[in-house]
Amino acid sequence: MSVAVVGSTDSALKRARVARNMTLEEAADALNAITGGASDASLMSAWESGRRRTGKRNRAALCQLYRERPEVLFAHQDGAATSVLESSGTTVVVKVLTRWTDLVEAMVDVAAGAREHLVVTGSRSREKAYLGAIETAVAQHPDLVHYRVLHGEPRHRALADHLLRLLELRDPSARRNGVKTLHIGMVEQAEALERFFVASETAAVVPLPSFHGAEGFDCGVLLSREAAVGLVHHGREACASARPVETIEAVRALPIRHN
């Protein structure tokens with residue numbers, strides 16, 4: 001039997017996996033069995049290398065899986081050097097959007113330009129052009145991996161109908177070239193703050209509180225690649241720890257929460 005040799009530069013998180021003779025895929029499956037989430041090999045690798053910081057729920061599960069303390073497993077993440085995003089500062093802001101038409105157009109452009117990853121968060125979407133752009137991207141680009149992170153039940157019928165259309169376009173249980181390409185999860189913790197953004201591998205839009213009135217949804221920021229990549233990983237992490245809502249029956253069972 002061959003024995004894997006792990007260099008001293010490998011993280012304790014990676015060493016713990018290798019010590020148990022687990023591949024990244026096997027470790028992801030074992031983690032998902034504990035959390036009920038949807039982590040995959042690429043996310044596990046990002047955690048091990050320190051490119052991404054593991055969230056609270058997955059940290060607890062990895063400690064359980066590897067029978068090790070968090071201060072050991074995640075020391076390489078918690079003591080990481082300044083990231084590219086942090087050093088970029090305000091240069092990651094490409095444009096401040098102050099009109100509803102500009103905001104929606106930018107969100108549509110992010111969805112239409114996605115080829116590798118498309119992450120959308122929030123439960124309040126209802127803009128027809130925006131939801132349609134997401135559906136078109138999913139339909140036209142079979143290798144695009146789409147993550148939808150809901151924060152509670154949908155607030156509008158248009159969003160619930162959109163989720164049903166996504167499930168008609170793709171089967172979340174299918175694997176294209178070994179990769180799951182549709183993830184729909186719902187964050188249910190009452191204390192979790194709702195997040196709103198759309199991000200691809202090249203750009204992202206984050207809505208802001210309206211500059212024009214309390215009821216407005218018309219302002220935001222267009223962010224560059226550095227910020228977009230970080231938000232993609234944020235969304236993947238959130239989806240991995242969320243409750244899957246990935247069947248037509250499950251979506252139809254969701255109440256529409258009008259608030």
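I began with helix α9 (residues 128-140) and helix α10 (residues 157-169), which pack at an angle of about 5 degrees with their axes 10 Å apart. Axes here are lines fitted to C-alpha atoms, for helices over the stretch in contact, and angles run from 0 to 180 degrees between N-to-C directions. Helices (H or I, at least four residues) and strands (E, at least two) are DSSP runs numbered from the N terminus. α9 and α10 are therefore roughly parallel to each other, a label given to angles under 35 degrees, with over 145 counting as roughly antiparallel, 65 to 115 as roughly perpendicular and the rest as oblique.

I note that this is a predicted model, in which local features need pLDDT of at least 70 and side-chain atom pairs count only at pLDDT 80 or more, while totals for chains, interfaces and linings use all residues. Residues are numbered from 1 along each chain as its sequence is written, and side-chain values use heavy atoms, with hydrogens and water left out.

**The α9 contacts**

I then listed the residues that meet, with contact meaning heavy atoms within 4.5 Å: Leu 131, Ile 134, Glu 135, Val 138 and Ala 139 in α9 face Ala 158, His 162, Arg 165, Leu 166 and Leu 169 in α10. By class, the contact of α9 with α10 has seven nonpolar, one polar and two charged residues, where Ala, Val, Leu, Ile, Met, Phe, Trp, Tyr, Cys and Pro count as nonpolar, Asp, Glu, Lys and Arg as charged, and the others, Gly among them, as polar.

I looked next at α8 and α9, which pack at an angle of about 5 degrees with their axes 8 Å apart, and which are therefore roughly parallel to each other. Met 107, Val 108 and Ala 111 of α8 make this contact with Ala 129, Tyr 130, Ala 133, Ile 134 and Ala 137 of α9. The residues of the contact of α8 with α9 divide into eight nonpolar, no polar and no charged.

**The nonpolar cores**

I take a nonpolar core as a set of buried Ala, Val, Leu, Ile, Met, Phe, Trp, Tyr and Cys residues joined through side-chain atoms within 4.5 Å, with buried meaning under 20% relative accessible area, exposed over 50% and partly exposed in between (1.4 Å probe, protein chains only). The largest such core has 34 residues, and Leu 118, Tyr 130, Ile 134, Val 198 and Val 205 have the most contacts inside it. At least two residues of this core come from each of α8 (100-113), β2 (117-121), α9, α10 and β4 (182-187), and α8 gives the most, with seven residues.

**His 234**

I found His 234 in helix α11 (residues 225-240), where it is partly exposed, with a relative accessible area of 31%. Leaving aside neighbours within four places in sequence, His 234 is in contact with Arg 52, Arg 195 and Phe 197. His 234 and Arg 53 are 181 residues apart in sequence and 9.2 Å apart in space, C-alpha to C-alpha.

**Positive phi**

I checked Asn 21, which lies in the loop between α1 and α2 and has a positive phi of about 55 degrees although it is not a glycine. Asn 21 is exposed, with a relative accessible area of 59%. Asn 177, in the loop between α10 and β4, has a positive phi near 55 degrees and is exposed, with a relative accessible area of 69%.
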